[in-house]
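Here is a friendly briefing to read alongside the model. It starts with the ligand site, then turns to backbone geometry and helix packing.

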Amino acid sequence: MKKGYQLLTTIFLILLVFACKEEPKPRIKFPTTDLSKANMMPKPLKIVATNNAFGLDRYTAIYTTKGAAGFESVGNFLAKKIKSKIDLDIPVNSESQEPVERVIYINQSDSLDLETPEAYQLYINQDSIILNSNTAEGAFRGIQTLRQIIPEISNDTLAEQKIWPVPSGKIIDNPNFEYRGSMLDVARHFFSVKDVKKYIDLLSYYKINVLHLHLSDDQGWRIEIKSWPKLTEVGGSTEVGGEAGGFYTQEDYKEIVAYAAERYMTIIPEIDMPGHTNAASVSYPFLNGNGKPLKLYEGMRVGFSTFDTKKDTVYSFIDDVVREISEITPGPYFHIGGDESHVTKKKDYIYFVNRVEKIVQKHGKRMIGWDEVAIANVDSTSISQWWASEENAKKAIKKGMKIIMSPAKKAYLDMEYDTLSKHGLHWAAYIPVDTAYVWTPETFGNIPRKNILGIEAPLWSETISNIDELEYLAFPRIIGYSELSWSTKENRDWEDYKIRLANQAPFLDRMDVKYYPSKLIDWKKSKHTYEIIEKD
Ligand code: TNX
């Protein structure tokens, strides 16, 4: 209540200052706009349209709650994105005497209606937009919605100045799942810091909050480990197809983490083991457990490598790797891979996962592994990522573990769209844009809802080697996964989604995203992102 009162007083004062300075202007008559038809992706929980508009223009200013951690940065982020979308400069918490007629107020609220840290409410009126949330994280999710409903082009006939009418009404929003992720395999092909940042920025627009980086595999080791320099010197020098690989220095990795953190996105590092470790074992042959001499590998086979699970020195090595990476990873998770260890004996695999889980915990992180890890004696606090085996997912549930839903048949971004796809594999399925969207993670495989942490769409990179190819496989399907993880089952509908997806084209074009123009979607060419209902 107190905060609400403070907010009203602030808005009142801002408007009063303006009102005292000049003659009141006549109210602008907006063409009716319908918020419920606006182009929001993922679909918010509740939308109530009031069929008027907020007139975004050069007399608009952004204010944020004083002293609320992170809120001013969220305001600055919004101002920057508005500038790049419509070339309009909006001041943030400015105390200058420039006339202000309309305000966007980003308000820290302790309302009990805001159920989770990411929940937010948007109240869009003719002269004010109020965004309420408990945390800067929630405010950040809310400004993505706001960005989406600002039209690309202005209406130049309503007043002397250009006006971008934002449809009025109320939005109450809250995520369906707390974990909404994508994975990027930077091991089979390396992707630069710049590429990863572009992907992060795009994901955050769709409220995705996790990027899992697959940092090591048979074909390459991609992160500097200061105590074991040959991992990148030797193991980082190759990739699929024979091109020079690459790796992130720890400074590069920190840059990625910080960029993601500005967007309230968690980076999850994965070091895949005991299988998928050829690059590591070539760099330090004592790690090798398959008995054969090894050489650098640039093919696409899986399942031929393993660490020696019996040597203590192998665990000291892993301790160093987990420690160094954990020290520069603020997020709570460390992914140990654990998939397709076909040349590791089952009892050795179990022993290995049990020991590595303890190492991860010792360094303060929660272990995630691909679904196979559930055959070991893992802790209920560890997390299983279901990609292939329903049986393993069931084992994880028996152990009380949480599950990340990434079933390959539905959620793999590296699966081809159809037989004509330019990139991708199809060992699990062809996944056209509708198949990617029309399934129900809440009931898939009868996993109890309380065990589902969320959804992640992995992008393996055997068949893609640059950002354009990455975008071809990821877009538009990742937008569907964002909606599957953010929006409730009741709010998801293919026919409705299809239209909103078609309307993403202007944004994707502006961002220079080389999305796959699926024939199932009637891609929008015009730049209007809101619907005008003609008044009679
Ligand atoms: C299976 S999914 C793998 C990866 C491959 C992918 C290709 C998983 C845990 N392992 O090693 O890159 O298929 O689709």
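In this predicted model, the side chain of Glu462 places an N or O atom 2.6 Å from an oxygen atom of the ligand. The protein buries 97% of the 360 Å² that the ligand exposes when taken alone. The points below start with the other contacts of the ligand and then move on to the backbone and the helices.

**Ligand site**

- How many residues surround the ligand? There are 14, and the closest are Arg188, Tyr412, Asp414, Trp427 and Glu462.
- Sorted by class, this shell holds 8 nonpolar residues, 5 charged ones and 1 polar one.

- As background, most peptide bonds are trans, and most residues other than glycine have a negative phi.
- Which form does the peptide bond from Met273 to Pro274 take, cis or trans? The bond is cis, with omega near 0°.
- You will find Pro274 in the loop that runs between β12 (266–270) and α7 (278–283).
- Phe475 and Pro476 are likewise joined by a cis peptide bond, here with omega of about 15°.
- Pro476 sits in the loop between α13 and α14 (477–486).
- Tyr264 is a residue other than glycine with a positive phi, near 50°.
- Look for Tyr264 in the loop between α6 (250–262) and β12.

**Helix packing: α4 with α13**

- Helix α4 (residues 193–205) packs against helix α13 (residues 467–474) at an angle of about 25°, and their axes are 11 Å apart.
- Angles under 35 degrees count as roughly parallel, so α4 is roughly parallel to α13.
- The two helices, α4 and α13, cross in a right-handed sense.

**Helix packing: α2 with α3**

- Helix α2 (residues 71–86) and helix α3 (residues 136–149) cross at roughly 15°, and their axes come within 9 Å.
- By that cut-off of 35 degrees, α2 and α3 are therefore roughly parallel to each other.
- The crossing in which α2 passes α3 is right-handed.

**Helix packing: α14 with α15**

- What is the angle between α14 and helix α15 (residues 494–502)? They pack at about 130°, with their axes 11 Å apart.
- Roughly antiparallel would need an angle over 145 degrees, and roughly perpendicular covers 65 to 115; α14 and α15 are therefore oblique to each other.
- Where α14 passes α15, the crossing is right-handed.

Notes
Residues are numbered from 1 along each chain as its sequence is written. This is a predicted model: local features need pLDDT of at least 70, side-chain atom pairs count only at pLDDT 80 or more; totals for chains, interfaces and linings use all residues. Side-chain values use heavy atoms; hydrogens and water are left out. A residue is near a molecule or strand if one of its heavy atoms lies within 4 Å of it. A polar contact is a pair of N or O atoms within 3.5 Å; within protein, one must be able to donate a hydrogen and the other to accept it, and residues adjacent in sequence count only if both atoms are side-chain atoms. Accessible areas come from the Shrake-Rupley method with a 1.4 Å probe; for residues, only the protein chains shown count as cover. Ala, Val, Leu, Ile, Met, Phe, Trp, Tyr, Cys and Pro count as nonpolar, Asp, Glu, Lys and Arg as charged, and the others, Gly among them, as polar. Axes are lines fitted to C-alpha atoms, for helices over the stretch in contact, and angles run from 0 to 180 degrees between N-to-C directions. Helices (H or I, at least four residues) and strands (E, at least two) are DSSP runs, numbered from the N terminus. A crossing is left-handed if the near helix is turned anticlockwise from the far one by less than a right angle, and right-handed if clockwise.
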